[in-house]
Amino acid sequence: MAKIELLAPAGDLEKAKIALLYGADAVYVGAKKFSLRARASNFEIEDIKALCTFAHERAKKVYVTMNIIPHDDDLKDLVSFLETLAQIKVDAIITSSIAIITKAKMVAPTLECHVSTQMSITNSKAIAFYEKLGCSRVVLAREVTLEEIEAIKKNTTIQLEVFIHGGMCASYSGRCVLSNHLTRRDANRGGCAHSCRWNYQLYQGKRKVTKKDQFFNMGSKDLMAITKIPDLINLNVASLKIEGRMKSTYYLATVVRCYRQVIDEYYKVGSISNDEFLNYIEEINKAENRLTSIGFLNGDTTINEQLYDTRSEHPTKEYIGYILDYDDEHKQALIEQRNYFAKGDIVEFFGPKLENTKFKITKIIDYNTGEELDVARHPLQKMLIPLPFKVSKDDMMRKVK
Amino acid sequence: MKYITEPVNKKQLAHFLGQTLITDILIGVENISSGPILKLSTAEINYYLTKTEDLKISLDLTRLFHEKELATLKKSLSEIDLTKIKFIFYTDFAILQIIDELGYKDKLKLVYDAYTYTTNALDVNIYNEFNTYVSVSNQISIEELKSLLAKLNHKAIIRGFGKAVIFYSKRKLLTNYFKYRTLKYNAKGKNYLLQEEYRNDLYHIYEDNFGTYIYEPHYYYLFLELDDLENVDYVILESVFLDARTYENIVLAYLKHDDNLLHSLHLDLYKGIMQEKSILLKDEVIDNGKN
């Protein structure tokens, strides 16, 4: 049985590399065309090519999202785009257009086609249709329960990909044009205004149902399925997907690393205790700034999976530094500033191979001037911090208090 | 160009079946179809199928089916005399497989009707390879629709009148909301409306066993434009949230090609989303302040 894939999002090349370094087996990225997150994408073809090289050197994969639901004008240059993706050795495209699937099979047969969750596939018979088209994987709708995944798995041999973390649509994905009507921004072409998270008044006929200072809300809490990872591994799904191409490098590093550890731990030991899960959840919450739930995995959503009367965001532990190097001889780290910190702050270091390690900063030295500083004020400022333990390039530092 | 009608109730269904001018009737199947449309049991459908010699009745199965529902879906379809059904409108490819399994693949006329996916000619042409017809999206501009239809290598079905579903969720959003507020929810209510905090439009919101649906705030309509559209065989006239008398007048207006009659009904008509292209959000759009 192949080990389950951990698939992470990335909005730019730096994030993609971090996701891979922190434990993702594959990353999915959007180019400036054909992708729902076109606005967030910083991927030129050259970046995707560089990412493919970086990933393949590490036996990892790169998927490119072509998940808009196109209008006629959007399909210009489709063939040349697909040919280019094949030439630069992208492993697969993730798409929601049968036209894109069909063209890809014709002009770029080395590209695997994964059916996007935008198609909201909820059963094995619909999967069979896409399998006949030559698709190798289906990303299941986020509305599917664990029990249903098990039933689907029994009726298909195609690879299944399941979302485990990140934002949830209130509607079936790809079946909502609320944003189009409220803002003229096309939800299925990268313009979703998240109108489902806005405040509404509810009426029954002419009678107002919502009370004064209250609203009707339909927004969803984000998904956090870390406790279901053992079940999903046991069900032999192919890939576990984290959502969030708009998310920060720090978020990606934290979340990807946690899921990597859970997956590896389960394969190694065969079980994960509740206390261990609580520790992992606590770790994710250092970067997760939205309320989370189990989504549909246990069954139909209840009030516990919905957002009411609340702004969904809460502060996270601050990401304050990115490790560029460590000098073994002088026992000091070269750190690039990401957020304000000061001498005396308690910080925590973490990384792909570094256990969380707390430390009180006693000295900050400007890397360029050698001057000792009381505070690190400037973004991307490089500084040296004496550290009695070894850290490595790509580790991160966050503020504890 | 023919019109596909949606009778509001059984009385209107019986009436429409007897009208020679009405060639097509679309109904739902009880416990299978979703939304506030006329839904009949399989026995009732078989009964009405005997009431006309013509192939007139089509089934609306345009929702997503979960794995555990497939057996019920197949059983319900097997109970209906599908040889007398004109079209099956569907949005989930499970239907295609089930019809095949039931032995009707080459005998039944299937219509792929996924309004958010049929937005370009290339997709529509490929979807049509698996179906008799494809229903083209009503969520594109009229100009896009004209251009799309002109590029088709077959005839299509379009929506001519109605309130489109603009949000389709598996979540029981009304049930959950009323539970959260500890208010009493009238589960049979069809007249719940949403109004966004800073906007005036009212959107019907409807919940059934299969989820929650939100509808366009106004009735979109194509009328005079129909004459300019190529490759259209059928036009659907939707009836959601209309009473039987009003709907009959709407059907009459289309059959008589009487724009004045349509406007005399004082409905909240608009071209809305069809008048302007929606935005594919790109940085330059934001930078130009057009958004």
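This is a predicted model: local features need pLDDT of at least 70, side-chain atom pairs count only at pLDDT 80 or more; totals for chains, interfaces and linings use all residues.

Trainee: OK. How many bridges join strand 10 of chain B to strand 11 of chain B?
Mentor: Four, and the two strands run antiparallel. Strand 10 of chain B covers residues 192-196, and strand 11 of chain B covers residues 202-208.

Trainee: Which residue is the bridge partner of Y192(B)?
Mentor: That's I205(B), in strand 11 of chain B.

Trainee: What's the strand order in the sheet?
Mentor: It goes 9(A)-8(A)-10(B)-11(B)-12(B)-9(B), an open sheet of six strands with antiparallel pairing.

Trainee: And which strands stand at the edges?
Mentor: Strand 9 (207-208) of chain A and strand 9 (165-169) of chain B. Each has a single partner strand, so one side of each has no neighbour in the sheet.

Trainee: What lies across strand 11 of chain B?
Mentor: Helix 7 of chain B, residues 173-181, running at about 95° to that strand. Helix 7 of chain B also lies across strand 9, strand 10 and strand 12 of chain B.

Trainee: Switching topic: how do helix 4 of chain A and helix 5 of chain B pack?
Mentor: At an angle of about 80°, with their axes 8 Å apart. Angles of 65 to 115 degrees count as roughly perpendicular, so that's how these two helices sit relative to each other.

Trainee: Which residues meet there?
Mentor: I98(A), A99(A) and T102(A) from helix 4 of chain A meet L122(B), D123(B), I126(B) and Y127(B) from helix 5 of chain B. By type, that contact has five nonpolar residues, one polar and one charged.

Trainee: What about helix 4 of chain B, is it enclosed or open?
Mentor: Largely enclosed by the rest of the structure, because six of its eight residues are buried. Those are A94(B), I95(B), L96(B), Q97(B), I98(B) and I99(B).

Trainee: What covers them?
Mentor: The cover includes helix 5 (124-132) of chain A, plus strand 4, helix 3, strand 5 and strand 6 of chain B. Just after helix 4 of chain B, G103(B) takes a positive phi of about 85°.

Trainee: Last one: which residues touch the most other members of the largest nonpolar core?
Mentor: A19(A), V27(A), V256(A), Y259(A) and I88(B), out of 204 residues. Helix 9 of chain A gives the largest share of that core, 10 residues.

Notes: Residues are numbered from 1 along each chain as its sequence is written. Chains are lettered from A and ligands numbered from 1 in the order in which they are written. Two strands pair if DSSP finds at least two bridges between them. Two residues are in contact if their C-beta atoms, placed from the backbone, lie within 7 Å. Axes are lines fitted to C-alpha atoms, for helices over the stretch in contact, and angles run from 0 to 180 degrees between N-to-C directions. Angles under 35 degrees count as roughly parallel, over 145 as roughly antiparallel, 65 to 115 as roughly perpendicular and the rest as oblique. Ala, Val, Leu, Ile, Met, Phe, Trp, Tyr, Cys and Pro count as nonpolar, Asp, Glu, Lys and Arg as charged, and the others, Gly among them, as polar. A nonpolar core is a set of buried Ala, Val, Leu, Ile, Met, Phe, Trp, Tyr and Cys residues joined through C-beta atoms within 7 Å. A residue is buried if 20 or more other C-beta atoms lie within 10 Å of its own, exposed if 12 or fewer, and partly exposed in between; C-beta atoms are placed from the backbone.
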